[in-house]
Amino acid sequence: MSRYEEVRAFAKKSVEPYTTAADKEGRFPKESFEALRQAGYFSLLVPKEFGGQGGSMADHTEVCLALAESCATTALCYMMHNVATQSIVASATEAMKKDKLPQIAQGKKIMALAFSESGSGTHFYLPEIAAKKEGDKFILNGRKSFVTTARFADEYLVDANAIGAEGLDIWSVPLGADGISFEDAAWDGLGMRGNNSMPMVLNGVTLGERDRIGAAGAGGDSLNNVIAPFFVIGLAAVYSGVATAAQNTAIEYAKSRKYPDGSVIAEIPTVQEHLAKIYYLTQSARHFTIAAAQKGASAAADLFAARINASENAVEVCRLAMKVGGGNAYAKRLPLERYLRDAYAAAVMAPSTDVLAIWLGQALSK
Ligand SMILES: Cc1cc2nc3c(=O)[nH]c(=O)nc-3n(C[C@H](O)[C@H](O)[C@H](O)COP(=O)(O)OP(=O)(O)OC[C@H]3O[C@@H](n4cnc5c(N)ncnc54)[C@H](O)[C@@H]3O)c2cc1C
């Protein structure tokens, strides 16, 4: 069995049963996360020497894609854990790696990302917050605007302007640190309704050198060379998974929807045209995403293009699938409207597809 097939089997059994409730009730899919923990998925990117699986960008992509076919919210939250983990793997000091990576590998530490701020919006690499230095301590004050997996993650990567150096710092802040609180605005988004995204307030959070990922001012390198590539391809994977779920539902439904004369809508040429487009857009999203991930973090143009392609294709696939599903889709008797709502998040998550298109154009023009 390939890794993809293995994750699909796992997700059907241990994730899918909780997807509808997470969406309807807007609640974090904690049962799915617990199952992921027990099955060892949180160790995917932790190197073997620290007890993990030593997975690559391609593994990260495959697992996120396969999970998203069952639950986009679970896949998104899991994806962010992997991105934060990879940042520690690639950029942390040896002391931090020794401290955190074995705990992550054992499923004792779930990670999340607290980057976005209300001010800088989609430009998460331009934070307004900065730590203040007091003796050998660093004090963080400020507010992060969208923090997925809020309260359910054990540790949050926070980007801030560097102190005593040019550039950015990335801090790893534990959930239980004094001064951390969440603004209890339950997430009531259009889609990704279980992701529990909410603002995080940092009020005099006291950190030491050992809580910073890498040297002072090195956070920008980690953002550009590790976090952005793993995040961008992770989003491409999540939305390829959403497109795949919509594709499969539309094809099955078209074959099963019967009229009184015994004909099925799959026999109608216009419906077949919709299915054809749904199929080639979905396959384009999947294959490009997997191919870009296999090239790795240095293939920036491919990663950016794969994410834009998957994001736009997912929305178009879901729009067409809604047509195929007709009134049953609109009446929410099929999961297609959830896929459509989840797919709409693809364009706005930072860096938004508009910003990414600019970066892609610039990369191609060099
Ligand atoms: C489901 C979900 C989960 C999220 N989870 C997290 C998380 O865990 N951690 C986290 O840190 N953040 C998270 N975010 C926040 C997200 O990554 C973005 O930062 C946020 O959505 C930006 O919203 P905004 O309205 O401030 O965007 P704005 O910056 O106001 O952008 C609004 C529009 O303007 C466009 N735009 C802005 N600047 C440019 C430009 N220079 N060129 C072209 N177009 C431009 C954008 O493309 C966008 O369409 C999440 C968001 C969502 C929807």
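**Basis and terms**

On a 1 Å grid over the protein atoms alone, a pocket is an open set of points with protein on both sides within 12 Å along at least five of seven lines, while a cavity is a set where a 1.4 Å probe fits but cannot get out; lining residues have an atom within 4 Å of a point. A volume is the space filled by probe spheres set on the points, with grid points joined across faces, edges and corners.

The model is predicted, so that local features need pLDDT of at least 70 and side-chain atom pairs count only at pLDDT 80 or more, whereas totals for chains, interfaces and linings use all residues. Residues are numbered from 1 along each chain as its sequence is written, and side-chain values use heavy atoms, with hydrogens and water left out.

**The largest pocket**

The largest pocket holds about 520 Å³ of space. Its lining comprises 29 residues, and Ser116, Phe146, Val348, Met349 and Ala350 lie nearest its centre. By class, 17 of the lining residues are nonpolar, 10 polar and 2 charged (Ala, Val, Leu, Ile, Met, Phe, Trp, Tyr, Cys and Pro count as nonpolar, Asp, Glu, Lys and Arg as charged, and the others, Gly among them, as polar).

Helix 10 supplies the largest share of this lining, 4 residues. Helices (H or I, at least four residues) and strands (E, at least two) are DSSP runs, numbered from the N terminus.

**The ligand and its shell**

Polar contacts are pairs of N or O atoms within 3.5 Å. A polar side-chain atom of His123 lies 2.9 Å from a ligand nitrogen atom, and a backbone N or O atom of Ala350 lies 2.9 Å from a ligand oxygen atom. A side-chain N or O atom of Asp354 is 3.5 Å from an oxygen atom of the ligand. The protein covers 69% of the 990 Å² of accessible area that the ligand has on its own (Shrake-Rupley method, 1.4 Å probe).

**The cavity**

The model contains 1 cavity of 30 Å³ or more, and the largest cavity holds about 50 Å³ of space. Its lining includes Thr19, Asp23, Arg193 and Arg338. Helix 2 gives the most to this lining, with 3 residues.

Notes: A polar contact is a pair of N or O atoms within 3.5 Å; within protein, one must be able to donate a hydrogen and the other to accept it, and residues adjacent in sequence count only if both atoms are side-chain atoms.
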